[in-house]
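Hi there,

Here is the structure I promised to pass on to you. Have a look at it first, and my notes follow below.

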Amino acid sequence: MATSVFKSPEARDAFRTVYNGVLNRFPFGHQYVDTAFGRTFILTAGRETAPPVFVFHGSCSNSVFMSQEIIALSQDYRVYAVDLLGEAGNSAEFRPNLESDAFTLWLKDIFDALSVESAVMLGSSLGGWLALKFATAYPARVSRLILIAPGGLSGQNHEYTIKADSARARNETLTMDEAVIGDAALPKEVVDFMNLILASYNPITAILPVFTDDQLRRLVMPVLFIGGENDILLDAPGAARRISENLPHAEVHLLPNTGHIILNASDYFIPFLQKEVSP
């Protein structure tokens, strides 16, 4: 029997009340898609006839955390920002096995439900791992791939998964670690919302599976990698190196004095999207 990622139905409902109140401050459309893995919530923006782009947030978050990216992309694209399965959002509250094909098949269901044959994919952190997982399985359905501090390319700091696992075992509540935020200037309201998420649900404690070189070489589409040199969650220099070694056509930006949270990613992905694709 599947186990909810929320600590209780009451915690889930209280959190979603706050989350939906936050969402109502933004000019985004709201849409649900039914999949074989559960009902999926999507924020939409941009002209319906514009080229599609899918946006995936990281762990311990939801699509509202990608609002800057959604707004930047909506000028030229039809944006679908997806609340990930088993995360603190409005999608199904059951987390698939990371080692299985479930996440890939779930995204295929979404593509098919929206009648999208091919799209740009942008993912941050866990969302970057998810974008990689889909793109390596269905490269023909991804026209361009944008990876922001993605998982699955290099080493992962076990300290934080161990801390989350230990807190869960002792029924304790985690709070956002200032070291993860780093130099990113986040408003108190955002940090408070992040702490509400941590108080409401159980985050991933497993290490994200790492993609093989053979899998990465399936990425024939234009690829953009953005990482922070001071990322304490992931080995960003190692990830940048693997992308460069396996994908000579990729554009790689390893940003100095930058941690896991990258607030200026649009400075890199908007010019990347505006470039002509070489034949």
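A cavity, as I use the word here, is a set of grid points where a 1.4 Å probe fits but cannot get out, and its volume is the space filled by probe spheres set on those points. Please keep in mind that this is a predicted model.

Let me start with the cavity. The count comes to one cavity of 30 Å³ or more, and the largest cavity holds about 30 Å³ of space. Its lining is made up of Ala149, Pro150, Phe225, Gly227, Asp231, Leu234, Ala236 and Ala239. Which elements each supply at least two residues of that lining? They are strand 7 (223-228) and helix 9 (236-246). By class, six of the lining residues are nonpolar, one is polar and one is charged.

Next come two helix pairs. As you know, a pair of packed helices is described by the angle between the axes and by the distance between them.

On the helix 1 side, Ala11, Phe15, Val18 and Tyr19 take part, meeting Phe193, Leu196, Ile197 and Ser200 of helix 7. This contact has seven nonpolar residues, one polar residue and no charged ones.

The other pair is helix 3 (residues 102-113) with helix 4 (residues 126-137). These pack at about 80 degrees, with 9 Å between the axes of helix 3 and helix 4. An angle of 65 to 115 degrees counts as roughly perpendicular, so that is how helix 3 and helix 4 stand to each other. Phe103, Thr104, Trp106, Leu107, Lys108 and Phe111 from helix 3 meet Trp129, Leu130, Lys133, Phe134 and Ala137 from helix 4. Here the classes are eight nonpolar, one polar and two charged residues.

Conventions
Residues numbered from 1 in each chain as written. Predicted model: local features only at pLDDT ≥ 70, side-chain atom pairs only at ≥ 80, totals over all residues. Heavy atoms only, no water. 1 Å grid on protein atoms, 1.4 Å probe; cavity = no way out; pocket = protein on both sides within 12 Å on 5 of 7 lines; lining within 4 Å. Helix = DSSP H or I, 4+ residues; strand = E, 2+ residues; numbered from the N terminus. Nonpolar A, V, L, I, M, F, W, Y, C, P; charged D, E, K, R; others polar. Contact = heavy atoms within 4.5 Å. Axes fitted to C-alpha atoms, helices over the stretch in contact; angles between N-to-C directions. Parallel < 35°, antiparallel > 145°, perpendicular 65-115°, else oblique.
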